[in-house]
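I am opening my notebook on a structure that is new to me.

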Amino acid sequence: MYGVVVCPKCQRPLGVRLGSKTTSCQCGKRIYINRMKVLFSTDEPRELPLALGRIRAQLSGSLREFEEALEEEARPKAPDARGPQGRLHSKDKKERALEVLRSLSEAGGGFELSTAEEALEQSGLKGSAILEALLRENLVYESKRGLYRVV
Ligand SMILES: [Zn+2]
């Protein structure tokens, strides 16, 4: 059996073999395993890292964050949503795209969608996908026939 105990000196959770008598914490404290409260036990050593992470998060009061992070990891990855960071990223992209389009419309009083798509691709953005999203959100609209502008 394996288990998790918390070092009484530094409060660090430790993965231990429950059959052994003692172990040493990274802080140097010698720990008598049979005197410790076992917070988690398992026959599977590979379950230990996860339990350690959970208990560490619990102790530091960030269990919710930890579980959310795990959920993110477990969730099947959509091409354009890669967790919180991915979302942050796509917001940046939107801002960048709007900048590109604003300068386009300043230059010519509006832009054609194909021109816009090209300009976006040149800035390393997915032109058509971003345009579609911006049109859907009404951030880009058709001002004259075939000529678009940024709101
Ligand atoms: Zn310690």
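I began with my terms: two strands pair if DSSP finds at least two bridges between them. Helices (H or I, at least four residues) and strands (E, at least two) are DSSP runs, numbered from the N terminus. The model is predicted, so I kept in mind that local features need pLDDT of at least 70 and side-chain atom pairs count only at pLDDT 80 or more, while totals for chains, interfaces and linings use all residues. Residues are numbered from 1 along each chain as its sequence is written.

**Entry: the overall layout.** I found five helices and seven strands. From the N terminus on, I read the order as β-β-β-β-β-α-α-α-α-α-β-β.

**Entry: the last two strands.** I looked up strand 6 (residues 140-144) and strand 7, and they run antiparallel, joined by four bridges. K144 has L147 of strand 7 as its bridge partner. The two strands form a hairpin with two residues between them, and G146 in the turn has a positive phi of about 80°.

Entry: I call a residue buried if 20 or more other C-beta atoms lie within 10 Å of its own, exposed if 12 or fewer, and partly exposed in between, with C-beta atoms placed from the backbone.

**Entry: helix 5.** Which residues of helix 5 (residues 127-136) are buried? I noted I130, L131 and L134.

**Entry: the cores.** A nonpolar core here is a set of buried Ala, Val, Leu, Ile, Met, Phe, Trp, Tyr and Cys residues joined through C-beta atoms within 7 Å. The largest one has twelve residues, including A97, F111, L131, V140 and Y148. Helix 3 (83-108), helix 4 (113-122), helix 5 and strand 7 (147-150) each supply at least two residues of this core. Apart from it lies another core, of five residues, among them V4, L14, V16 and I55.

**Entry: L18.** I found L18 in the loop between strand 2 (13-17) and strand 3 (22-24). L18 is partly exposed, with 15 other C-beta atoms within 10 Å.
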